[in-house]
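Hello,

Here is the structure I promised to pass on. Please open it first, then read my notes on the aromatic residues below.

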Amino acid sequence: MELKYVVREGEISDLHKVVALYRTVASRSGGIAREADEVTEAYVRSFIEKSLESGIILTVENPEKPDTLIAEVHTYKPGIKVFAHIFSDLTIAVHPDYQGKWIGKLLFGTLLQETISKHSEVMRVELLVRESNKRAIEFYEKFGFNIEGRLENRICDKTGKLEADIPMGWTFSACWQQV
């Protein structure tokens, strides 16, 4: 039987499910920027509330265990007027057991489609990715994100090794509306 993955809007009641997902992803090296012990309820509540207020939050539940999330993506406006046309602080997390199964592609594609269809004021989506995460960089490039520079020695891993954060941006073009 083939499982069907459904993207839905996130909600504040997803708090504990998102915490569990992020702790699992964070426990794997290179998964997200935070360590598992840094994934607190306060941190997750903060980005859920910001995303609900001025952005997008999407989730995918495990079809076999609906009380468990296997993926989440969120982004929101920075809260400064000159940046009102931007979604920033984008983070996507896919449970390690579900990576490589097109769930990230489904989730990320839905995020960009919702940006276009429901947030006409947003012309730019931006994110940061560690330079060693070549797979993620290629993933974002397939969606039209461009590398916009390097923030040298911004990330320090558990061993003390420094690496660059890579800023990437996607700019919405009016031509997309006509497609």
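A residue counts as buried under 20% relative accessible area, as exposed over 50%, and as partly exposed in between. Phe 139 has a relative accessible area of 22%, so Phe 139 is partly exposed. Keep in mind that this is a predicted model.

Now the rings. A pair of aromatic rings is described by the distance of the centres and the angle of the planes. A search of the whole structure gives 13 aromatic pairs. Take Phe 108 and Phe 139: the ring centres are 5.4 Å apart and the planes meet at 65°, so this pair is edge-to-face. Phe 108 belongs to helix α3 (residues 103-118) and Phe 139 to helix α4 (residues 134-142), so the pair ties together parts that are 31 residues apart in sequence.

Is Phe 108 buried or exposed? Phe 108 is buried, at a relative accessible area of 0%.

Phe 139 has another partner. With Tyr 140, Phe 139 forms an edge-to-face aromatic pair, at 5.5 Å centre to centre and 70° between the planes. Tyr 140 has 9% relative accessibility, so Tyr 140 counts as buried.

These residues belong to one aromatic cluster: Phe 108, Phe 139, Tyr 140, Phe 143, Phe 145, Trp 170 and Phe 172.

One last item concerns a charge and a ring. Arg 34 lies over the face of Tyr 43, at 3.5 Å from the ring centre.

Best wishes

Conventions: Residues numbered from 1 in each chain as written. Predicted model: local features only at pLDDT ≥ 70, side-chain atom pairs only at ≥ 80, totals over all residues. Heavy atoms only, no water. Phe/Tyr/Trp six-rings, centres within 6.5 Å; stacked < 30°, edge-to-face > 60°. Helix = DSSP H or I, 4+ residues; strand = E, 2+ residues; numbered from the N terminus. Buried < 20%, exposed > 50% of the residue type's maximum accessible area, 1.4 Å probe, protein only. Lys NZ or Arg CZ within 6 Å of the ring centre and 35° of its normal.
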